[in-house]
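Here are my notes on the two-chain model you sent over. I have set them out as numbered points so that you can check each one against the coordinates.

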Amino acid sequence: MLKKHELVFILSFLTPTLALFGIFTLYPYFNGLKMSFYEWSGFSDVTTFVGLDNFKRMLDDDIIPMTLKHNLYIMLAVPIFSFIFALFNAVAISQFKLKESKWYRALLFVPYVLPVTITAILWQNMLGGDYGLVTSILGWFGIHLDYPLLGNPDTALWALCVPMIWSVVGFYMVLYLTAINNIDESLMEAASIDGASQWDKVRYITIPLIWETIRVTLVLFILGAFNYSFALPWIMTDGGPARSTEFIATYMYRVAQNDHEYGYATAIGVFIFIIATGLSLLSQILTRKSKLD
Amino acid sequence: MKTKVVRAFTMLAVVAVFVSILSACGSNKGNNEASPSTSASPSSSSSVTPEDTGKKLEGEIEVAAFAGGFGTAYWEEIVKKFEATYPGTKVNLLTSPKLSDILQPRFVAGDYPDIVANTNNGKMDVRILMREGQLADLSDVVNSDTLDGQGTLKDILNPEVLNYPTINVDGKIAALPLNVTYQGIYYNATIMKENGWSVPTTWDEFFKLGETFKAKYADSKAFWTYQGMYPDYMHINFYGALAAYCGADGYEAIKTAQDGAIEKPCVVQALQTIENLAKNDLVMKNILDKTEVQAQTDFLLGKSLFIPWGTWAESEMKDVLPTLPNKFEFGFMPMPAAEAGGPRYVIGDYELMYMPAKAKNPELAKEFLRFCLTQENIKFYSEKTTAIKPVKGAVELVGSLIPQSVQNTIDVIEQTGATLISDRLDAKMNGALGEAWTGFTEIMLKKKTSEEVQAAIAKKFNSTK
């Protein structure tokens, strides 16, 4: 049983955090949930209660499944490629003990700290149809495009994945590298003596021993894919061409800002919240692994 | 002793935390106020004095103005002039390129400025604000006398202004025009002159010129370019062609979201003016990922003959224009007619000034609106912004102060007798036309026909009405 002064002491430290959490996190969540049952222009306090109409409307809105498909696409493509590249780089840098490893580390990490606007504009120019570096390189190999990569619905989504992967690989690489460096050197030596190949060491030692880190990064990958599905497409393609890079978040923003339908946009926001929470839980469950022997 | 110290400390900590939270939650109106403008210049030479108006005005107003392409110099100066003309009054000026982001939560919280001047292309829709009772009806202002004896404000404004959908909302005057912009087709006048081509007046002539152009330039220049990443720029073609093929009434029916209006065959004809550009390979290659600045720079570099654009062109590209290898000569044409001698249209829009219904000092705010519309200040506006106000005789009044391309545009509109149509649609139609922007790209990619795009717009319209 806590004494009164201890309770006051504890509360005095907890209150600011709880108050800030309540004001800036919980209140917006609950207010958002409330607004999703209203029709609201976002310009005044004039609101009309519409019950579940906004959610019903989502069922009939054929843009929503389309955007979810795009989200799913990057949620698979970006994590898979980011994971492969990040792990490959981390293993390469740590196991081959390259002289220039510090340089590679720094170089690969830079894209992660670049502001997303700069990444977007940089890649917009790299992928540009007229003078883009990527288009020119494709040209050297005899691949001449009818439409620019970002200006063609068949290629725009793929093209958007490139900067998404490019900007996160360095971050995950550093996480994996730290985890790998914590692996006991003797395990690797023992494996080498037993005749294990590099691949065997990665498969049977590195990956199992850094599994906890990988597990955390999988959640980050998925949530990151949600985050990246706003700023980059907004700047690089504006959701186009012909909605081929419209994501659920860009659509929500468009509904709020262009159509002035904040109630409906908030309902979409609630839906995004549910999906993100569900995915995060799912990824935790799927990656749960019994303790290593 | 130790317990007492701990107790005192913890109590102090709790009190401090609560006080800080309470003060953070309290009214922060003072913090939201814009910083006051610098003191008025006593040497201001405004010809209007309070004695002229016979009014005793005092107090403060807050003017919130969008800091966009026209800069903020005008606002800083006009505020000084106003304060000098009305001693004892004070204008707090708030300017920001993100004005709507600042004002929107303030409107929701009931903390209004006295005057709002343009929040960047309808980011805050005046019609919604008016219908939700947020804006004052300015009918009394437009019916009142100008401050310099030019009759009423209504008398000096261009006649179509007060019927414009974002100004006249359900019979009430929701806003006054800050300036007028015209949109239509801009062309490279040098290429036209060099070849001795005449400016097309009908869509048939336009596409015939396309064939001639292609025969001459093949792939070295394009007949048409546009701001491909933002296909809504093609609304200029679409709306102009809608008015041409459906007639002014038909366009009005579409604009006001009348049932069945969007399903008429004339809508397909209008879309075909875009489809023909794609079908006849008249559009510049590699434009679907181009931003407006990239596409417009191509046009200024002489890589294409035409582009859909507006009277902000010269001002928007003022950094690019001096760097061009050759001086660029702008040409403007209203949208082509459906048939020879048929009516022609230009798309027009006004940036707006309005007054919230709960402005703190409405009398002074209304006086500020009148003050901005004296002949001297109309001129002053053009001098500081290069934009033009929609008042009678504006070109004569400010002719030398506005860019050549704007003067030329206004002259062409007058010569051709083109009618101004608004591109402000009813909210319901606005949502449906999101499909049109997608459709334009699909037409350009030759993935959809005009008929299919019309069907998609109609489907969207019917599902959201």
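1. A definition to begin with: a salt bridge here is a side-chain nitrogen of Lys or Arg within 4 Å of a carboxyl oxygen of Asp or Glu. By that rule the side chains of A:R243 and B:E435 form a salt bridge, with 2.9 Å from N to O. Please keep in mind throughout that this is a predicted model.

2. That pair belongs to the contact between the chains, where the count between chain B and chain A is three salt bridges. How many residues does each chain bring to the contact? Chain B gives 43 residues and chain A gives 45 residues. Together the two chains bury about 3,300 Å², and carbon and sulfur atoms account for 58% of that area.

3. Over all chains, the structure holds 24 salt bridges. One pair worth a look is B:E62 with B:R106, whose side chains meet at 2.8 Å, N to O. B:E62 sits in strand β1 (residues 59-66) of chain B and B:R106 in helix α5 (residues 99-108) of chain B, so the pair ties together parts that are 44 residues apart in sequence.

4. On to the domains of chain B. The assignment gives domain 1 as 35-178 + 350-408 and domain 2 as 182-349 + 409-464. Contact between them takes 21 residues from domain 1 of chain B and 20 residues from domain 2 of chain B. The C-alpha centres of domain 1 and domain 2 of chain B are 32 Å apart.

5. What area is buried between domain 1 of chain B and domain 2 of chain B? The value is about 1,600 Å², with 49% coming from carbon and sulfur atoms. On the side of domain 1 of chain B, the residues B:Y164, B:S405 and B:N408 supply 33% of the area buried against domain 2 of chain B, more than any other three residues.

6. Searching the whole structure turns up three cavities of 30 Å³ or more. The largest cavity holds about 80 Å³ of space. Its lining includes B:F70, B:W312, B:I388, B:P403 and B:V406, and also B:N179, B:V180 and B:T181. Strand β6 (residues 176-188) of chain B gives the largest share of this lining, three residues.

7. By residue class, the lining of the largest cavity divides into seven nonpolar, five polar and no charged.

8. The second largest cavity has about 50 Å³ of space. Residues from chain A line this cavity, namely A:Q124, A:G128, A:G129, A:D130 and A:Y131, along with B:D289, B:K290 and B:Q294 from chain B. The classes in the lining of the second largest cavity are one nonpolar, four polar and three charged.

9. For chain A, the secondary structure comes to twelve helices and two strands. Read from the N terminus, the elements run α-β-β-α-α-α-α-α-α-α-α-α-α-α. The C-alpha trace of chain A spans about 75 × 75 × 30 Å along its principal axes.

10. Finally, two backbone details to look at when you go through the loops. A cis peptide bond joins A:G240 and A:P241, with omega of about -10°. A:P241 is in the loop between α10 (211-236) and α11 (248-257) of chain A. In chain B, B:D170 has a positive phi of about 55° although it is not a glycine, and B:D170 lies in the loop between β4 (168-169) and β5 (172-173) of chain B.

Note on methods:
Residues are numbered from 1 along each chain as its sequence is written. Chains are lettered from A and ligands numbered from 1 in the order in which they are written. This is a predicted model: local features need pLDDT of at least 70, side-chain atom pairs count only at pLDDT 80 or more; totals for chains, interfaces and linings use all residues. Side-chain values use heavy atoms; hydrogens and water are left out. On a 1 Å grid over the protein atoms alone, a cavity is a set of points where a 1.4 Å probe fits but cannot get out, and a pocket is an open set with protein on both sides within 12 Å along at least five of seven lines; lining residues have an atom within 4 Å of a point. Grid points are joined across faces, edges and corners, and a volume is the space filled by probe spheres set on the points. Helices (H or I, at least four residues) and strands (E, at least two) are DSSP runs, numbered from the N terminus. Ala, Val, Leu, Ile, Met, Phe, Trp, Tyr, Cys and Pro count as nonpolar, Asp, Glu, Lys and Arg as charged, and the others, Gly among them, as polar. Contact means heavy atoms within 4.5 Å. Buried area is the accessible area (1.4 Å probe) that two parts lose on being put together, summed over both. Domain bounds come from an automatic or database domain assignment.
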